[in-house]
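Welcome! Please take a moment to look over the sequence and the 3D view below, and then we will walk through them together.

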Amino acid sequence: MTYSRITGTGRYLPEKVLTNFDLEKMVDTTDEWIRTRTGVERRHCVAEDQTTSDMCVEAARLALDAAGVAPTDIDMVIVGTTSPDLVFPNVGTIVQHRLGIPACPAVSLEAACTGFIYALSTADKYIRAGDVKRALVLGAECITKLIDWSDRNTCVLFGDGAGAVVLERSDEPGILTTHLGADGQYRDLLYYPVGASKDLAKAGTDEAAIMMTGKEVFKVAVTTLGDVASRALESAGVSPDELDWLVPHQANIRIIQATAKRLNLPMEKVIVTVQDHGNTSAASVPLALDTAVRDGRIKPGQLVLMEAFGGGFTWGSVLMRF
Ligand code: ACO
């Protein structure tokens, strides 16, 4: 049987770190409020001239190196992002060109915070169908460029970064199950009001900022993430205690704790980076994955469940043997 397997991971975080104490000087908030309500202590922010593809290239180089794979061996590039450099060409093609990856499918995919899970699931399908041998899959965001820095409801939550994996064809598992979902009826709870074909004139004004009804997002996120995790385990015939690690989307420590509780999973088995990264949207899962791979917690052969939830709403999971 043909599987796809992650053979290398990498991450990039921008140099600039903004702490909760820095934010205390910018808006009416406190370190204590941010930590207790969200779990975030600090986040990385891109420089003004830095782009999503800049971060992708750095993360990808580390992932390729870890996999022992040359750019010329890659035959698909997919980047999950909501903050592409440009409307077009897509970030995938920019990354492909800058890394010297030969002509192949290269694309970016927008599914908000679920972007990486959508991208990974898509690459898995192409590999298992036999069309692709080695895919470079990324989740990356310059989300702090979309924030109103005077809005305390949102500016304390987000951060920037990029995570990358090399996904290769393998006879050994590998990715075991993927589940994706979306429900567009929740559009108004979490959105960015400006796009290429809608209200472009608002770009650069105060109206161009992430809009979020936090409490409602929180409620749907907890229920959906619990459901998506249970569905992944059930479909693979795996019980929660067989899981070695849960790598959840890092939106809020309370959402992560609630999901772990619903699965009856001790927090010792959950990779948590929200304190250091904030919510990096599509980058959050691959950043957390690489963190735990490189510090030696996630080891080859272990059973890992990744899951995410974001604007749309969109959601998804990937269950794999690492
Ligand atoms: N500092 C101090 N006070 C604040 C801040 C802040 N940064 N932000 C909001 N408050 C105030 C509010 O104004 C409100 O005051 P009021 O009672 O006088 O009106 C009070 O704190 C409580 O606000 P709530 O909205 O009830 O706070 P809650 O406990 O729900 O936490 C939060 C807010 C952290 C946004 C939470 O709802 C949340 O995490 N929601 C999930 C949304 C999310 O994660 N979005 C990220 C993108 S989507 C995704 O990735 C899933």
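Predicted model: local features only at pLDDT ≥ 70, side-chain atom pairs only at ≥ 80, totals over all residues.

## Around the ligand

R37 places a polar side-chain atom 2.6 Å from an oxygen atom of the ligand, and N279 has a polar side-chain atom 2.9 Å from a ligand oxygen. With R152 the backbone takes part: one of its N or O atoms lies 3.0 Å from a nitrogen atom of the ligand. How much of the ligand's surface does the protein bury? Taken alone, the ligand exposes 1,000 Å², and the protein buries 76% of that.

## The five-stranded sheet

Next, look for an open sheet of 5 strands, which follow the order β1-β7-β6-β4-β5 with mixed pairing. Its edges are formed by β1 (3–12) and β5 (106–109), each of which pairs on one side only. From one strand to the next, the twist averages 20°.

Within this sheet, β6 (residues 134–141) and β7 (residues 161–170) are antiparallel partners, joined over 8 bridges. Helix α5 (residues 115–128) lies across β1, β4, β5, β6 and β7, and runs at about 170° to β6.

## The four-stranded sheet

There is also an open sheet of 4 strands, again with mixed pairing, in the order β8-β13-β12-β11. Why is one side of β8 (175–182) and of β11 (245–248) left without a neighbour in the sheet? Both strands stand at the edges and have a single partner strand each, so one side of each has no neighbour there. Neighbouring strands of this sheet are turned by 10° against each other on average, direction ignored.

Here β12 (residues 303–310) and β13 (residues 314–321) pair in the antiparallel sense, over 8 bridges. A handy landmark is L303, which faces R321 in β13. Helix α10 (residues 284–294) lies across β11, β12 and β13, and its direction is at about 145° to β11.

## Backbone details in the loops

To finish, zoom in on a few spots in the loops. F88 and P89 are joined by a cis peptide bond with omega about 0°, and P89 lies in the loop between β4 and α4 (91–99). Another cis peptide bond runs from G312 to F313, with omega near -10°. You will find F313 in the loop between β12 and β13, the two strands that pair in the antiparallel sense.

One more residue to look at is A112, in the loop between β5 and α5. A112 has a positive phi of about 50°, although it is not a glycine.

Notes:
Residues numbered from 1 in each chain as written. Heavy atoms only, no water. Pairing = 2+ DSSP bridges. Axes fitted to C-alpha atoms, helices over the stretch in contact; angles between N-to-C directions. Contact = heavy atoms within 4.5 Å. Polar contact = N/O pair within 3.5 Å; in protein donor to acceptor, adjacent residues only side chain to side chain. Areas by Shrake-Rupley, 256 points an atom, 1.4 Å probe, with all protein chains shown as cover.
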